[in-house]
Amino acid sequence: MFDLNNILRDNIKNLKPYSSARDEYSGNARAFLDANENPHGLYNRYPDPHQHLLKARLSEIKNISADQIFIGNGSDEIIDLCYRIFCRPGKDKAMTFSPGYGMYEVSARINDVELIRIPLDTDFQIPRSETKEILSNDSLKMIFICSPNNPSGNTLDHSAIRMIISHFQGIVIIDEAYSDFAETPSFLLELDTFPNLIVMQTLSKAWGMAGLRLGMAFSSPEIISVMNRVKPPYNISEANQKEALRLLEDTEIFQHRIDLIKKEKRRMEKELRHIASVESVFPSDANFLLVKVKNASEAYDKLRQGGIIVRNRHHQVENSIRITIGTPVENDLVLKILKE
Ligand SMILES: *Cc1c(COP(=O)(O)O)cnc(C)c1O
C-alpha cells in the first residue's frame, strides 16, 4: 500500500511553511497595513498566494475539485518542486524513459538526484518487463512518464502506465502537456484510483499561454497540500492570475485553435511523406511532428537559412527533426524548403 509519509523527505514532512500576511488575514478591512506594501500603484498588493479564482475556473474546466489543483510558475517549477519534496539529494533516484523531455534530467542534476533512463522500444512504447524489474528498487522514489511523449509525439500505452502506477510504491508523474491534442482520455479520471499519481498539465501549449508561465499539477488533496507548503508563497503573479482567468473564458476559440492545429498536422503529415528527403513521419498525438530525414543537420540548416527554426533531435532519435505545427503559411514554408 502507498503511504505518503514513507515517501516524503523528513525535512518536508516536518516543514512549517512561511505564513504570509495574506494567509494570516484574508477578509475585508479598511486598510491593509500588514504586508509592507506601497499604498499607491496598480500592482501594489501581493497576489492571492492560493490563486482561488484561477483554481475555481480550472476546477470547472477540468472537472476536478479545487483542492486537487496546484498551479506552478510553468510545469518546470512543478518538476523541480517534486524533486525537492520526494528525493533526497545524493541518495534517492528518479526514472524516466528516453527519448523524453529534457527538463526531468536538468532538474534531477540541479537537485543532485540520479535519473535512470529506460529506452522506449522501437515504437516508442514502454518496455514492460525491463520497467517492471526496476520498480522494486528501494532508492527509486519518482517516475516521470510523458504522454503524449516529447519528442516522439505518440501516446504511451495506458495499460503499461497503469502497470507502473499500481506496482510502484513511489510517486508517478504523468506529464500530459499535450493531452488536449490527443484523443485518448486524460489520467485525471484515474486520480481517485491511484493515491501515488500526479498528473501534470500546462496552459503553455493547447491554451496558447506559454508567455504566462502557468503549469498545473493534479493529485490527491494530501499531495497538493504538501506542494503548497513548499512553493514560494507568491509564485503566481497578480497579472498572470488575472490574464489567465480572462483567457480561460473563451473555450470556443480554444477548441477552434486545437481543431485548426490538428487539421494542419494531418496535412503536414501527408505532404511531408511525399518529400524525397523525408524518410518517415512518426505518428503524433501532439502539436508537433517528429520527422526522420536523410540528414538531420542538413535539413535543419536549410530550414534555418530559410528563416525557419525547428529542433534537431538527432542525438535522441537518429536523423530526426521535430517540427511544431505553425500557421498554414508557416507550414507551407517548411514544406517548400524541404522540397527544395
Ligand atoms: C512544453 C512542455 C511542458 C510545458 O512546460 P511549461 O513550463 O508549463 O511551459 C511540459 N512538459 C513537456 C513534455 C513539454 O513538452
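The count comes to 3 cavities of 30 Å³ or more, a cavity being a set of points on a 1 Å grid over the protein atoms alone where a 1.4 Å probe fits but cannot get out. Volume is the space filled by probe spheres set on the points, which are joined across faces, edges and corners. The model is predicted: local features need pLDDT of at least 70, side-chain atom pairs count only at pLDDT 80 or more, and totals for chains, interfaces and linings use all residues. Residues are numbered from 1 along each chain as its sequence is written, and side-chain values use heavy atoms, without hydrogens and water.

**Cavities**
- The largest cavity has a volume of about 60 Å³, and its lining (residues with an atom within 4 Å of a point) includes Ser-147, His-158, Glu-176 and Phe-187.
- The second largest cavity holds about 40 Å³ of space; Thr-96, Tyr-104, Cys-146 and Leu-156 are among its lining residues.

**Ligand**
- The ligand is surrounded by 13 residues, and the closest are Asp-175, Tyr-178, Ser-204, Lys-205 and Arg-213, where a surrounding residue has a heavy atom within 4 Å.
- A side-chain N or O atom of Asp-175 lies 2.6 Å from a nitrogen atom of the ligand.
- For Ser-204, a polar side-chain atom is 2.6 Å from a ligand oxygen atom.

Conventions
1 Å grid on protein atoms, 1.4 Å probe; cavity = no way out; pocket = protein on both sides within 12 Å on 5 of 7 lines; lining within 4 Å. Polar contact = N/O pair within 3.5 Å; in protein donor to acceptor, adjacent residues only side chain to side chain.
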